Amino acid sequence: MNRKPLLIDLDGVLKIGNSPAPNVKEFLSFINENKIPACILSNSTLRTGELVKEFFASHKIELSIPAITAFDAALLFVKKNYKKVQVYCRDYLIHHFDGMIDTENPEAIVIGDIEDKWNYQIVNDIFKKIFAGADLIAMHKNKYWNPSGELLIDAGAFITGIEFASGRNAILIGKPSPLYFRAALESINADIEEGFFMLGDDIENDIKAAQDIGGKGILIYTGKTQFPLDKSINIKPEFEVHSLREIISILRKEIQQI
């Protein structure tokens with residue numbers, strides 16, 4: 001009996017601020033018990049997939065499904081294609097690029113999350129190197145995020161500005177890149193042609209990106225998107241929910257229809 005695969009965002013969905021989302025244990029148990037092929041597909045540049053598992057383990061929740069983050073995907077891409085890179089990410093993750101760091105003559109500049117360290121000097125330095133020929137690698141291009149109830153501008157705004165000034169487009173690694181979705185589905189042996197669900201809190205990077213490649217979007221109002229959807233937004237998710245328990249009900253109905 002084939003189950004339609006499920007891709008799941010992390011922040012704002014399974015993780016709210018620094019805590020697991022309500023009912024996350026029940027939700028993950030339902031996935032396991034019903035043998036639903038699932039993968040966490042996160043635009044997080046704050047964690048690797050292993051750190052995602054450690055986060056849940058620290059809250060006594062066993063994560064038995066794979067987790068892929070934009071950081072993981074960017075690291076893999078960079079190691080395949082470059083020898084010298086300059087990297088902007090959190091300090092505790094920079095060691096993953098050991099042996100590749102070159103701040104003087106990088107072949108590419110990799111941008112993840114540096115929190116509130118953004119300033120004119122950093123943006124201008126990146127701009128000059130991209131203008132001179134280095135590639136620009138964007139772990140993601142999120143416009144904003146909502147980590148603990150506070151709305152914050154995200155790296156996408158700075159990356160877009162650098163693209164505009166340099167006249168060169170970034171190589172996008174995370175959502176909404178179709179390659180990222182495909183990689184996640186392949187990791188759970190799922191065929192994209194047979195369809196899938198994307199559960200997320202981002203109307204563009206989760207819902208529209210999935211719909212554009214044949215998936216169905218489940219928009220959850222526990223993260224960055226406020227309920228109700230603004231009438232000016234012409235993206236229409238297949239399902240809208242307010243909790244993980246509501247998603248269990250949707251998935252149960254889908255299973256019954258098989």
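Helices α1 and α8 are roughly parallel to each other in this predicted model, because their axes cross at roughly 15° and angles under 35 degrees count as roughly parallel. Strand β4 is largely enclosed by the rest of the structure, since 5 of its 5 residues are buried. A separate open sheet order, β6-β7-β8-β11, is formed by 4 strands with parallel pairing.

**Helices α1 and α8**

- Helix α1 covers residues 24-33 and helix α8 covers residues 244-257; their axes come within 9 Å.
- The crossing in which α1 passes α8 is left-handed.
- On the α1 side, the contact involves Val24, Glu26, Phe27 and Phe30.
- On the α8 side, these residues meet Leu244, Arg245, Ile247, Ile248, Leu251, Arg252 and Ile255.
- Taken by type, the residues of this contact comprise 8 nonpolar and 3 charged, with no polar ones.

- Strand β4 consists of residues 38-42, and both of its faces are covered.
- Ala38, Ile40 and Ser42 lie on one side of β4, whereas Cys39 and Leu41 lie on the other; all are buried.
- This arrangement can be read against a general rule: in a regular strand the side chains alternate between the two faces of the sheet.
- Strand β1 (residues 6-8) runs parallel to β4 and is joined to it by 3 bridges.
- Within that pairing, Leu7 has Cys39 of β4 as its bridge partner.
- Strand β5 (residues 67-69) also runs parallel to β4, and 3 bridges join the two.
- In this second pairing, Leu41 stands opposite Ile68 of β5.

- Strand β8 (residues 135-138) pairs with β11 in the parallel sense over 2 bridges.
- Ile137 is placed opposite Ile171 in β11.
- Helix α5 packs on this sheet, where it touches β7 (108-111) and β8.
- The direction of α5 makes about 160° with that of β8.

**The loop residue Asn169**

- Asn169 is located in the loop between α5 (155-166) and β11 (171-172).
- Asn169 counts as exposed because its relative accessible area is 68%, and the cut-off for exposed is over 50%.
- Although Asn169 and Ile130 are 39 residues apart in sequence, their C-alpha atoms are 9.7 Å apart in space.

Conventions: Residues are numbered from 1 along each chain as its sequence is written. This is a predicted model: local features need pLDDT of at least 70, side-chain atom pairs count only at pLDDT 80 or more; totals for chains, interfaces and linings use all residues. Side-chain values use heavy atoms; hydrogens and water are left out. Axes are lines fitted to C-alpha atoms, for helices over the stretch in contact, and angles run from 0 to 180 degrees between N-to-C directions. Angles under 35 degrees count as roughly parallel, over 145 as roughly antiparallel, 65 to 115 as roughly perpendicular and the rest as oblique. A crossing is left-handed if the near helix is turned anticlockwise from the far one by less than a right angle, and right-handed if clockwise. Contact means heavy atoms within 4.5 Å. Ala, Val, Leu, Ile, Met, Phe, Trp, Tyr, Cys and Pro count as nonpolar, Asp, Glu, Lys and Arg as charged, and the others, Gly among them, as polar. Buried means under 20% relative accessible area, exposed over 50%, partly exposed in between (1.4 Å probe, protein chains only). Two strands pair if DSSP finds at least two bridges between them.
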